[in-house]
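Dear colleague,

I am passing on the structure below, followed by notes on what was found in it.

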Amino acid sequence: MSVTLSLAMIVKNEAEILARVLNHAKVFCDEMVVVDTGSTDDTVNIAKACGARVEHFAWSNEFSAARNYAFEQCTGDWVIWLDADDVVPPASQQKILALKSQLDNSIDLVNCS
């Protein structure tokens, strides 16, 4: 049985590039969580239009605090984090889908590059 995979992202003013990574991620993610840290552009609306759940986090100059908050919002068995400028080519999307079918509780971490 395949595990569920959540996407965790923290963003601020990424309207120009956000849709690309979210459209890639929705191929292999069961949930997309975008944590906005104070965007003044159309980032939030774009994230929602792509199917992401948007949460808000007041930026405190602590990247790790924002990232950990994003992880806490995820409900999947596994979490992947991506940045707004990441590109996940179709071949990699298919590899992630295949990997999901092989993951179980005996594995603690998968590092993809």
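The protein chain carries 8 positive and 16 negative side chains, with the centres of the two sets 5 Å apart; Lys and Arg count as positive and Asp and Glu as negative, leaving out His and the chain ends, and each charge is placed at NZ of Lys, CZ of Arg, CG of Asp or CD of Glu. Please note that this is a predicted model, in which local features need pLDDT of at least 70 and side-chain atom pairs count only at pLDDT 80 or more, while totals for chains, interfaces and linings use all residues. Residues are numbered from 1 along each chain as its sequence is written, and side-chain values use heavy atoms, without hydrogens and water.

The elements run β-α-β-α-β-α-β-α from the N terminus, where helices (H or I, at least four residues) and strands (E, at least two) are DSSP runs numbered from the N terminus.

As for aromatic pairs (ring centres of Phe, Tyr and Trp, the latter by its six-membered ring, within 6.5 Å; planes under 30 degrees apart stacked, over 60 edge-to-face, the rest tilted), the count comes to 2. The ring centres of Phe-57 and Tyr-69 lie 5.2 Å apart with planes at 35 degrees, so this pair is tilted. Phe-57 sits in the loop between β3 (53–56) and α3 (63–73) and Tyr-69 in helix α3, so the pair ties together parts 12 residues apart in sequence. Phe-71 and Trp-81 form a tilted pair, 5.7 Å centre to centre with 50 degrees between the planes; Phe-71 belongs to helix α3 and Trp-81 to strand β4 (residues 78–81).
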